Amino acid sequence: MNRELFESLLPLCRSITGNGVRETLALIAAEIPLNVVEIPSGEPMLDWTTPQEWNIRDAFVADATGNRLIDFAQSPLHVVSYSEPVRRTMTFDELRLHLHTLPDRPDWIPYRTSYWNQTWGFCLRHNDLVALEQASQPFQVVIDSEFSDGSLTYGEILVRGTGASNEEIVVTTHICHPAMANDNVSGMVALTAIAKQLLKHPVKLSVRCLFLPGTVGSLAWLDRNQSTLDNVKAGLVLTGLGDQNPLTYKASRGGKSRIDRVAQRTLLRRDPETRLLPWDPYGYDERQFCSPGFDLPFGRLTRGVHGQYPEYHTSSDNAEFVSGDQLDAAVEAVLDIISTFSNDIVPVNLVSLGEPQLGRRGLYSPLGGAINTKSVEMGYLWILSLADGNHSVDDIAAQSGLETSDVLAALDRLIASGLVSTT
Ligand code: ZN
């Protein structure tokens, strides 16, 4: 793992817009030639509008003597993301309505956001709440934040493939969480490593790496790239790759995309403990890419699943929570999926309106009924029935139970007969 990048990204105060996102992308751009895109606030994007930009300089709660009891400088998690500016004195009871803690995990600071409902708040350790209540009042409460007509920022890099086609695989990660290691610095470090490796050793298909603020970033990218989405043959959403759980693959919306089968086979071959999940409408940016109008074949790769490990969205998702070995193994797995998908041989049936007449082409045993179910002849039938552009030779071998060598032998003869082509 690129420890230096990890440590420089970790403390930044990121949100869905603002300078924290720009600083993040600048650090990544020092590693790979990233194209940073700015979309002005207020621009329509699909059913949404680009939000105002949010920036924060300082925030604190101080006691009557000016002693800071909660301090944004200690951790950006102390302030609810997208908090409106505040500069007031108030009692504990007034302030309490704006305080968030985790009573079950009294030493952890929770992570909270309020992007679309204008409010403000502080997050703190539940154990510190008692001390706060007993401190000298009134409190000085300051959030020195600002909303402005700025822009939404994301990063993009297209690593050109060695093949001639415009087809591409898209890999995304979100870049909008402050100061948390697994969700989401691990995703950013992993995707940077993946892009770096592909720049050195490109695969046949092009690979587009997107560093997007969650939801709004993918909506903005989809909105701007609608005319070229036909080139996207597969996608992977990455995050949470450094914890101790095995890799977890969540299938695309239909669950029957080629990327689903490639990812599932590749991951299980690498680690039988891999967990496979069906589609679920809750999650990360796969929700946008897989929405019915786009219906892109996007799966998601994580280790622990959001909301299912206690450290999730808390200050305990810290540097110690992320293992460099786990992150490296995840990067290797993604590169394996990308190269397997890219190298797949995908037959396309050129005579798909009914079965082609095999006997006329010398491809069929002259005696009907004598077919050996494990023969090359079965290979013809399996290939012709699955050669819809969404099944590879590996898929056909897996589904038919035939040896890959038999499928390939049958494929060669079908190609020679002009019945099938390959991508
Ligand atoms: Zn999250």
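**Stop 1**

Select Asp-295: its relative accessible area is 43%, so it counts as partly exposed (with a 1.4 Å probe and protein chains only, buried is under 20% relative accessible area, exposed is over 50%, and partly exposed is in between). Asp-295 is not a glycine, yet its phi is positive, at about 50°. You'll find Asp-295 in the loop between helix 8 (286–289) and strand 16; helices (H or I, at least four residues) and strands (E, at least two) are DSSP runs, numbered from the N terminus.

Before moving on, keep in mind that this is a predicted model, where local features need pLDDT of at least 70 and side-chain atom pairs count only at pLDDT 80 or more, while totals for chains, interfaces and linings use all residues. Residues are numbered from 1 along each chain as its sequence is written, and side-chain values use heavy atoms, with hydrogens and water left out.

**Stop 2: zoom out**

Show the whole protein as a cartoon. There are twelve helices and 18 strands to look at, and the C-alpha atoms fill a box of roughly 100 × 40 × 35 Å along the principal axes. Of the 423 residues, 53% are buried.

As for contacts with a separation of 6 or more, 79% are between residues 24 or more positions apart, a contact being heavy atoms within 4.5 Å.

**Stop 3: the zinc site**

Which residues hold the zinc ion? Select His-177, Asp-183 and His-313: these are the protein donors, through NE2, OD and NE2 in that order, lying 2.1 Å from the zinc ion. Donors here are N, O and S atoms within 2.8 Å of the metal (3.2 Å for Na, K and Ca), and water is not among the atoms, so sites may look incomplete. Read along the sequence, the donor spacing is H-x5-D-x129-H. His-177 sits in the loop between strand 11 (168–174) and helix 5 (181–200), and His-313 in the loop between strand 16 (298–302) and helix 9 (324–343), so this pair ties together parts 136 residues apart in sequence. Both His-177 and His-313 are buried.

While you're on Asp-183, check its peptide bond to Asn-184: it is cis, with omega about 25°. Asn-184 belongs to helix 5.

**Stop 4: the pockets**

Rolling a probe the size of a water molecule over the atoms shows where empty space is left. The search runs on a 1 Å grid over the protein atoms alone: a cavity is a set of points where a 1.4 Å probe fits but cannot get out, a pocket is an open set with protein on both sides within 12 Å along at least five of seven lines, and lining residues have an atom within 4 Å of a point. Points are joined across faces, edges and corners, and a volume is the space filled by probe spheres set on them.

Select Tyr-115, His-177, Thr-215, Arg-287 and His-313. Of the 22 residues lining the largest pocket, these lie nearest its centre. The largest pocket holds about 570 Å³ of space.

Stay with Thr-215 for a moment. Thr-215 has a positive phi of about 60° without being a glycine, and its place is the loop between strand 12 (206–212) and helix 6 (216–224). With 25% relative accessibility, Thr-215 is partly exposed.

The second largest pocket has a volume of about 210 Å³. Its lining has 15 residues, with Gln-74, Ser-75, Pro-76, Leu-77 and Ala-179 closest to the centre.

**Stop 5: the cavity**

How many cavities of 30 Å³ or more does the structure hold? One. Cys-13, Arg-14, Trp-54, Phe-72, Pro-76, Val-79, Ser-81 and Pro-178 line the largest cavity, whose volume is about 30 Å³.

Select Gln-137 and Pro-138. The peptide bond joining Gln-137 to Pro-138 is cis, with omega about 0°; Pro-138 lies in the loop between helix 4 (126–134) and strand 9 (139–148).

Finish at Ala-409, in helix 12 (residues 404–416). Draw a C-alpha to C-alpha line from Ala-409 to Tyr-380: they are 29 residues apart in sequence and 9.3 Å apart in space.
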